[in-house]
Every structure is written in structure tokens, then in C-alpha cells.
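Me: I'm new to this one and would like to learn how to read it. Could you walk me through it, feature by feature?

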Amino acid sequence: LLARTFRERFYYATLAFLSTALSFGVIASLVRFLASVPRPFAALGEPALIAHPDLGGMPSGHMSFFIPLGLTLYALDRRTGGWFLGLVLLMGFMRIVIGVHWVSDIVAGILLGAASFFAVKRLLPR
């Protein structure tokens, strides 16, 4: 199921940490700072189904955080990682349904998280 040696565990932990930090901590924060997109409930003047501050939602922080983690888990174990990624996509869909994200916010978070994962994976020595 998971990495067997210390070296493998260290590699995957580093991959998860660096790709998530790049995606969520650096790029998503920078995009949110530079391009503030109002959330659907604020733009449409409708209440969201959950209480949520009206801060920029592009790209989705949830997606840019959980997609790199899911892809790391998928690289370790396809079955478990597949389930995790499926649940992450369901979470993204539900955030659209409750009115706190546009579809484009979710897609941007997914693309950002995946791009960060594959960039770090390519650059990180195995």
C-alpha cells in the first residue's frame, strides 16, 4: 500500500509537501491577490448555503491543496488514491452547489494543483 523504505517515504512526503506548498501556498495565494474574483453568492446577491466570507475564490484553495495530495497518494497506491481523488472532485462539485465557487474556480484549482504536482515530481530527484 504505502512506501516501504525510509527513502521512499521521504520522497513521497517531500513530493506532497512541496507540490502542495507551491500550489496552495504560493501560486493560488498570488493569483487571489492579483485577480480578485467575487464568489457566486456575492456576485449574484444570493445567500450561500453556508456562512462564508466574501474573499476572492479564484482558484479554489480546496482544490489547489487536495489535488497534489491526492496525486501523491495515487502515485503510491492507485486504488486508495483513486478513491481520494474521487472524493476531492465530489468536494469541488459540492462547493459549486452550495454557492461558494464558480466552476472556473474549481477547474483552475484542479489544473493548478496537478501542474504543481507534476512540476515538482519532474524536478525532485528520485
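Reply: Happy to. Keep in mind that this is a predicted model. Let's start with a pair of helices: the axes of helix 1 and helix 3 come within 9 Å of each other and cross at roughly 160°.

Me: How are helix 1 and helix 3 oriented, roughly parallel or roughly antiparallel?

Reply: Look at the angle between their directions. An angle over 145 degrees counts as roughly antiparallel, and with a crossing of roughly 160°, helix 1 is therefore roughly antiparallel to helix 3. The crossing is right-handed.

Me: Which residues make that contact?

Reply: On the helix 1 side they include Tyr-12, Leu-15, Ala-16, Ser-19 and Phe-24. From helix 3, Ser-64, Phe-65, Pro-68 and Thr-72 are among them.

Me: Let's zoom in on Thr-72. Is Thr-72 buried or exposed?

Reply: The idea is to look at relative accessible area, where under 20% counts as buried. Thr-72 has 4%, so it is buried. Thr-72 sits in helix 3, and if you leave aside neighbours within four places in sequence, it is in contact with Tyr-12, Leu-15, Ala-16, Ser-19 and Phe-117.

Me: What about helix 3 and helix 4, how do they cross?

Reply: Their axes come within 7 Å, at roughly 165°. That angle makes helix 3 roughly antiparallel to helix 4. Here the crossing is left-handed. Residues of helix 3 such as Phe-66, Ile-67, Gly-70 and Leu-71 meet residues of helix 4 that include Gly-81, Phe-84, Leu-85 and Val-88.

Me: Now the inside. What should I expect of nonpolar side chains?

Reply: In soluble globular proteins, nonpolar side chains tend to be buried together. In this model, the largest nonpolar core has 13 residues, and the ones touching the most other members are Tyr-11, Leu-15, Ile-67 and Leu-71.

Me: Which helices supply at least two residues of this core?

Reply: Helix 1 (6-34), helix 3 (61-76), helix 4 (78-97) and helix 5 (103-123) each do. Helix 5 gives the most, with four residues.

Me: And what does Tyr-11 touch, beyond residues up to four places away in sequence?

Reply: Tyr-11 touches Lys-121, Leu-124, Pro-125 and Arg-126.

Me: Why is the pair of Phe-65 and Phe-66 edge-to-face?

Reply: Planes over 60 degrees apart count as edge-to-face. The planes of Phe-65 and Phe-66 are at 85°, with the ring centres 5.0 Å apart, so this pair is edge-to-face. Ring pairs link Phe-24, Phe-65, Phe-66 and Phe-84 into a cluster.

Me: One last stop, Ala-119. Where does Ala-119 lie?

Reply: Ala-119 lies in helix 5. Ala-119 has a relative accessible area of 33%, so it is partly exposed.

Technical notes:
Residues are numbered from 1 along each chain as its sequence is written. This is a predicted model: local features need pLDDT of at least 70, side-chain atom pairs count only at pLDDT 80 or more; totals for chains, interfaces and linings use all residues. Side-chain values use heavy atoms; hydrogens and water are left out. A nonpolar core is a set of buried Ala, Val, Leu, Ile, Met, Phe, Trp, Tyr and Cys residues joined through side-chain atoms within 4.5 Å. Buried means under 20% relative accessible area, exposed over 50%, partly exposed in between (1.4 Å probe, protein chains only). Contact means heavy atoms within 4.5 Å. Rings of Phe, Tyr and Trp (its six-membered ring) pair if their centres lie within 6.5 Å; planes under 30 degrees apart count as stacked, over 60 as edge-to-face and the rest as tilted. Axes are lines fitted to C-alpha atoms, for helices over the stretch in contact, and angles run from 0 to 180 degrees between N-to-C directions. Angles under 35 degrees count as roughly parallel, over 145 as roughly antiparallel, 65 to 115 as roughly perpendicular and the rest as oblique. A crossing is left-handed if the near helix is turned anticlockwise from the far one by less than a right angle, and right-handed if clockwise.
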